[in-house]
Amino acid sequence: MRPSTRKAALVVTIALAISTLSPLCVFAQGDNTPAAPAAAPETATSPNNAASTPSAEPPSVAIAELPQDLSPWGMFVHADRIVQAVMIGLAIASLMTWTVWIAKSLELRSARAAVRKAVRVLGKCATLAQANDQLGDGTDPAAQLLQAAASEIRFSANLRADGLKERIAWQLERIEMAAGRKISRGTGVLATIGSTAPFVGLFGTVWGIMDSFIGISKAHTTNLAVVAPGIAEALLATALGLVAAIPAVMIYNVLARSTAHYRGSVGDVSAQVMKLVSRDLDRAKLPLSHAAE
């Protein structure tokens, strides 16, 4: 073999050896070099990943930001001054309703008992003088009716008896109307409360909602912590309006029926008095002057 041929074969052999050993050297050097930084996780905050990730949850309201005291007293304390004034007014109206109910119930009970007793007594009396002796000393409507009839008889002692019954009937009618007005005094407040309390509560509702929108405008957010207190106050004002109005209407109807029954009983007493007056006038042997005694 020629020397030139041997040199070419040697060069080829060395080149093959170098090409074979170079990957091993690179692999050996790779073990000693520091590791490359890890790839960013798929949940990295990049615009594309954030938009394409389906599991991303919307921001929620922190528990600390929510109103912690939504009890009736807490809502009243944190309410706007106008809403507080509405609540106080409705509470006073409700207190007045129950006060009127208790007072008028006791008054009607005693008045109706006195009228029933007067009807029984007048049914057993034979003359106006006898009835006047038993019932004429009081201040109840029955005593006033008897006193009015006896007084008119005394004033008409020297007059003709033709118009006596009419004059007595007119006076008794006025006394009946006065007794009805007296017993129904105070029930008009219930009618006023029953008709206006819902609208007053509605005013508090509107004001509370308006206050909520003002809070949203100032905070530049629709966060539940901003909206919830005003809505709760508004609903509380509405509830207080209904609490004041519903019992007022019911109690007014009950007292109206009781008052009508009482007026009917007073009318029965008036009829009994007129019966005694007519009976005394029909007694020819008794003059008018003795009927009032």
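The following exercises, with worked solutions, concern side-chain pairs in a predicted model.

**Exercise 1.** Determine how tryptophan 98 and tryptophan 101 are arranged as an aromatic pair, and where they lie.

*Solution.* 
Step 1. The structure contains 2 aromatic pairs. One of them joins tryptophan 98 and tryptophan 101, with 5.8 Å from centre to centre and 85 degrees between the planes.
Step 2. Planes over 60 degrees apart count as edge-to-face, and this pair is accordingly edge-to-face.
Step 3. Both residues belong to helix α4, which covers residues 81–124. They are 3 residues apart, about one turn of the helix.
Step 4. Tryptophan 98 has a relative accessible area of 40% and is partly exposed. Tryptophan 101, at 35%, also counts as partly exposed.

**Exercise 2.** Classify the ring pair of phenylalanine 203 and tryptophan 207 as stacked, edge-to-face or tilted.

*Solution.* 
Step 1. The ring centres of phenylalanine 203 and tryptophan 207 are 6.1 Å apart, and the planes stand at 45 degrees.
Step 2. Stacked requires under 30 degrees and edge-to-face over 60.
Step 3. Helix α8 (residues 187–219) holds both residues, which are 4 residues apart, about one turn of the helix.
Step 4. Phenylalanine 203 is partly exposed at 42% relative accessibility, and tryptophan 207 is partly exposed at 28%.

**Exercise 3.** Describe the salt bridge between lysine 104 and glutamate 107, and state whether each residue is buried or partly exposed.

*Solution.* 
Step 1. Side chains of opposite charge can pair when their charged atoms come close.
Step 2. The count of salt bridges is 2. In one of them, the side chains of lysine 104 and glutamate 107 meet at 2.9 Å, N to O.
Step 3. Both residues lie in helix α4, 3 residues apart, about one turn of the helix.
Step 4. Buried means under 20% relative accessible area. Lysine 104, at 6%, therefore counts as buried, whereas glutamate 107, at 29%, is partly exposed.

**Exercise 4.** Explain which parts of the chain are tied together by the salt bridge of arginine 167 and glutamate 152.

*Solution.* 
Step 1. The side chains of arginine 167 and glutamate 152 form a salt bridge of 2.9 Å, N to O.
Step 2. Arginine 167 is located in helix α7 (residues 164–183) and glutamate 152 in helix α6 (residues 141–155), so the pair ties together parts that are 15 residues apart in sequence.
Step 3. Arginine 167 counts as partly exposed at 25% relative accessibility. Glutamate 152, with a relative accessible area of 9%, is buried.

Note on methods
Residues numbered from 1 in each chain as written. Predicted model: local features only at pLDDT ≥ 70, side-chain atom pairs only at ≥ 80, totals over all residues. Heavy atoms only, no water. Phe/Tyr/Trp six-rings, centres within 6.5 Å; stacked < 30°, edge-to-face > 60°. Helix = DSSP H or I, 4+ residues; strand = E, 2+ residues; numbered from the N terminus. Buried < 20%, exposed > 50% of the residue type's maximum accessible area, 1.4 Å probe, protein only. Salt bridge = Lys/Arg side-chain N within 4 Å of Asp/Glu carboxyl O.
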